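Please look at the sequence and the structure below, and then follow the questions and answers about the terms used to describe them.

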Amino acid sequence: MTADNSRTALVLPGGGARAAYQAGVLAAIRDLLPDATVNPFPILCGTSAGAINAATLACNAGNFRAAVEVLNDVWRNMRASDVYRADALGVATSGARWLSSLALGWFIRRSPRSLLDNEPLRQMLLRRLDFANIDRNLADGALRAVSVTASGYTSGHSVTFFQAHAEVDTWTRTHRFGCRDRLGVEHLMASSAIPFVFPAVKLNREWFGDGSMRQLAPISPAIHLGAEKVLVIGAGRINEQIERRRGETYPSLAQVAGHALSSIFLDGLSVDIERMQRINRTLSVIPDEVKARAGIALRPIETLVIAPSQRLDFLAARHARALPRAVRVLLRGMGAMNRAGGALTSYLLFEQPYTRALIELGYRDTEALADEVRAFLGIS
């Protein structure tokens, strides 16, 4: 038996190939449910690769078990060539554009759009997702809202595009707002356009990139869409304590790029979770009559966070040789084919050995938190 989860949200942040971890967590949750066909997360919020996972769940929300099976099938059989051109010609062409731009930019006056060509991802999404199902699932009550966040390169705003029941309003906050729209492949391509790695996408009148950029409050869209409980599945260890060591050698390009991507994908989420927990503690000690008298409209949000128990950059380094040879050559030149450069590799390693390892890790981590998951979802 489960409690009423009509206001329960699932927040899926970005992380490139790391998002395979989310599929493992959801598989474990499916196995804990007494009726796995019923969607326990009527509010779905995704960013970057997490947006693709959220959209997959939204398009299949009428049957949660089937939705999770679709998600796991995609990630368990993932190849880099499903996401970006990984053949020698495709990688060489992209590399040549960057080299010519750096060497002859003053002459050709045209900068390359991205390091990699992710047209294969667009084609895979077109084959696998039927976005018309979102309206049907909203009408049937299997879904309350779904959102995808992208970052505008011109305005600098974090824009959350959403489909939801009519009573859900748009919102405006500092440097971020919610925009009602009919979601499609272009929203997913924009939200997952990792800066420099994948090309920006034009939506309406503005060019957009990865939604994790400048996303100051990753959990906020779920609350605006009506959530009272939020499950967050992270793509990196939350509040990880890493011992500071003396750096003897200058950081490689891969180390710098991996550090930048980790800042984009992980830091905002950690800060937002800490902020929410602090607000919840504050609200818990304020009597209801005092809140009513002071006009405090804030409400406590029950939150559960499931995040990797292992360093994913180290895990990626162990499986880096699974990448196509052309991609390995490109990344080796950047210093990404070793443990020190594993952070960058962990976002681009869309290959079965790594994604399957992430799925297994997500499943095990969720099994270890089974009691907390049952309590959160009201499973008795």
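**How the terms apply**

Q: Where does Phe196 lie?
A: Phe196 lies in the loop between helix 7 (185-191) and strand 7 (201-203), where helices (H or I, at least four residues) and strands (E, at least two) are DSSP runs numbered from the N terminus. The model is predicted, so local features need pLDDT of at least 70 and side-chain atom pairs count only at pLDDT 80 or more, while totals for chains, interfaces and linings use all residues. Residues are numbered from 1 along each chain as its sequence is written, and side-chain values use heavy atoms, with hydrogens and water left out.

Q: Why is Phe196 called exposed?
A: The relative accessible area of Phe196 is 64%, and exposed means over 50%, buried under 20% and partly exposed in between (1.4 Å probe, protein chains only), so Phe196 counts as exposed.

Q: What makes the phi of Phe196 worth noting?
A: Phi of Phe196 is near 75°, a positive value in a residue other than glycine. Most residues other than glycine have a negative phi.

Q: How do you know that Arg214 is exposed?
A: Arg214, in the loop between strand 8 (206-209) and helix 8 (220-224), has a relative accessible area of 52% and is therefore exposed. Its phi is also positive, near 60°.

Q: What makes strand 7 and strand 8 a pair?
A: Two strands pair if DSSP finds at least two bridges between them, and strand 7 and strand 8 have 3 bridges in the antiparallel sense. Phe208 of strand 8 is the bridge partner of Val201, and Phe208 is also the bridge partner of Gly152.

Q: How do you know that the buried residues of helix 11 line one face?
A: In helix 11, Leu312, Asp313, Leu315 and Ala316 are buried. Seen down the axis, these residues fall within an arc of 160°, so they line one face of the helix; the arc is that of the directions from the helix axis to the C-beta atoms.

Q: How is the packing of helix 11 and helix 14 described?
A: Helix 11 (residues 312-319) and helix 14 (residues 352-368) pack at an angle of about 145°, with their axes 9 Å apart. Axes are lines fitted to C-alpha atoms, for helices over the stretch in contact, and angles run from 0 to 180 degrees between N-to-C directions. The contact (heavy atoms within 4.5 Å) includes Leu312 and His319 of helix 11 and Tyr354 of helix 14.
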